[in-house]
Amino acid sequence: MPALAAGSYTREVEIRGASALVTGAGRGIGRAVSLALAAAGARVTAVSRTKGEIDALVAEIERRGGHAVAHAADLTRREACDEAVARAVQAHGSLQVLVNNAGIGGFAPVAETSDEAWDGIFATNVTAPFRLTRAALPHLARQGGEIFMISSLAGANATANLAAYSASKAALDHFSRCLMLEVRHQGIKVTVVAPGSVATGFGGDRTDRPEREASWMLQPEDVAAAVLDLLQTRGAAHLSRVEMRPLRPPKRA
């Protein structure tokens with residue numbers, strides 16, 4: 001299996017044949033990233049709690065000539081994170097790329113945010129990436145690899161009624177910065193990808209809205225393309241944070 005952190009390389013050396021684990025792979029950004037990685041030659045382990053979605057994703061990847069396995073899991077369970085990493089290693093022999101994408105939102109004033117909502121958001125958006133990363137690090141350290149944290153501009157920008165989600169993404173961002181300082185000398189890159197509004201089924205970004213209302217947004221494929229571009233960066237160079245914004249958002253009155 002090629003080492004992702006070695007010298008200069010082309011896309012084929014970097015991605016082709018590599019083992020990549022993608023969480024939240026059944027829809028939206030995770031699905032787009034999984035398809036893009038598979039098209040570039042990676043062997044994908046698609047993780048989601050919705051089995052039907054990732055089964056359909058794997059079938060599509062295989063129809064296109066790619067390689068993927070589905071692993072249904074609730075990543076808020078402590079043991080599920082270890083099991084997901086073990087599944088990727090068992091299926092593909094190693095692990096070089098981890099995409100921590102699974103996330104949930106919550107839209108409510110602080111006064112109306114329940115303990116259950118707060119705990120659920122942090123369990124999915126912060127604790128699961130921590131556990132997955134911890135389980136993946138021994139495998140990534142063997143040959144070098146990349147960890148992508150799919151965050152949000154909400155982690156750096158305050159928004160009313162989005163406190164729990166924004167706080168979780170701010171926590172993920174800071175966790176990622178600390179992690180990067182710990183592991184970069186092991187040949188492991190940690191990159192935060194922080195998009196703005198993306199046209200997905202997440203939160204208020206409904207895919208059933210009229211096309212004219214969503215056309216200004218980023219598309220999931222934009223984020224997937226950024227991940228592929230980052231994987232092609234020279235081994236000795238490290239982009240630790242990438243922010244993405246729609247080019248022409250609606251102007252505020």
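These legends go with a set of close-up views of one predicted model.

**Figure 1. The whole protein, before we zoom in.** The protein has eight helices and seven strands. Of its 253 residues, 49% are buried. Take the contacts between residues at least 6 apart in sequence: 69% of them join residues at least 24 apart. The exposed surface comes to about 12000 Å², with carbon and sulfur atoms supplying 52% of it.

**Figure 2. Helix H2, tucked in.** Nine of the 12 residues of H2 are buried, so the helix is largely enclosed by the rest of the structure. Those buried residues are Ile 29, Gly 30, Ala 32, Val 33, Ser 34, Leu 35, Ala 36, Leu 37 and Ala 38. From first C-alpha to last, H2 reaches 17 Å, close to the 16 Å expected at 1.5 Å a residue. Look just after the helix for Gly 41, which takes a positive phi of about 105°.

**Figure 3. Helix H8 and the threonine that follows.** H8 also has its length checked: at 1.5 Å a residue, its 12 residues should span 16 Å, and the end C-alpha atoms sit 17 Å apart, which agrees. Its buried residues are Pro 220, Val 223, Ala 224, Ala 226, Val 227, Leu 228, Leu 230 and Leu 231. Now move to Thr 233, in the loop between H8 and S7. Is Thr 233 buried or exposed? Its relative accessibility is 17%, so Thr 233 counts as buried. The side chain of Thr 233 reaches back to the backbone oxygen of Leu 230, at 3.0 Å.

**Figure 4. Aromatic pairs around helix H5.** The count comes to two aromatic pairs. In one, the ring centres of Trp 118 and Phe 122 are 4.9 Å apart and the planes make 25°, so the pair is stacked. Both residues lie in helix H5, four residues apart, which is about one turn of the helix. Trp 118 is partly exposed, at 36% relative accessibility. In the other pair, Phe 130 and Phe 175 have their ring centres 6.2 Å apart and their planes at 85°, so that one is edge-to-face. Phe 130 lies in helix H5 and Phe 175 in helix H6, so this pair ties together parts that are 45 residues apart in sequence. Phe 130 has a relative accessible area of 34% and is partly exposed; Phe 175, with 23%, is partly exposed too.

**Figure 5. His 71 and its neighbours.** His 71 lies in strand S3 (residues 67-72). With a relative accessible area of 16%, His 71 is buried. What does His 71 touch, not counting residues up to four places away in sequence? The neighbours are Thr 45, Ala 46, Val 47, Ser 48, Ile 54, Glu 83, Ala 84 and Arg 87.

**Figure 6. Two loops, Ala 111 and Asn 161.** Ala 111 is in the loop between strand S4 (97-100) and helix H5 (115-143). Asn 161 belongs to the loop between strand S5 (145-150) and helix H6 (163-183). The two are 50 residues apart in sequence and 9.5 Å apart in space, C-alpha to C-alpha. Ala 111 counts as exposed, at 81% relative accessibility, while Asn 161, at 43%, counts as partly exposed. It's worth checking the backbone here too. Most residues other than glycine have a negative phi. Asn 161 has a positive phi, near 70°.

Notes: Residues numbered from 1 in each chain as written. Predicted model: local features only at pLDDT ≥ 70, side-chain atom pairs only at ≥ 80, totals over all residues. Heavy atoms only, no water. Buried < 20%, exposed > 50% of the residue type's maximum accessible area, 1.4 Å probe, protein only. Phe/Tyr/Trp six-rings, centres within 6.5 Å; stacked < 30°, edge-to-face > 60°. Contact = heavy atoms within 4.5 Å. Expected span 1.5 Å × (residues − 1). Areas by Shrake-Rupley, 256 points an atom, 1.4 Å probe, with all protein chains shown as cover. Polar contact = N/O pair within 3.5 Å; in protein donor to acceptor, adjacent residues only side chain to side chain.
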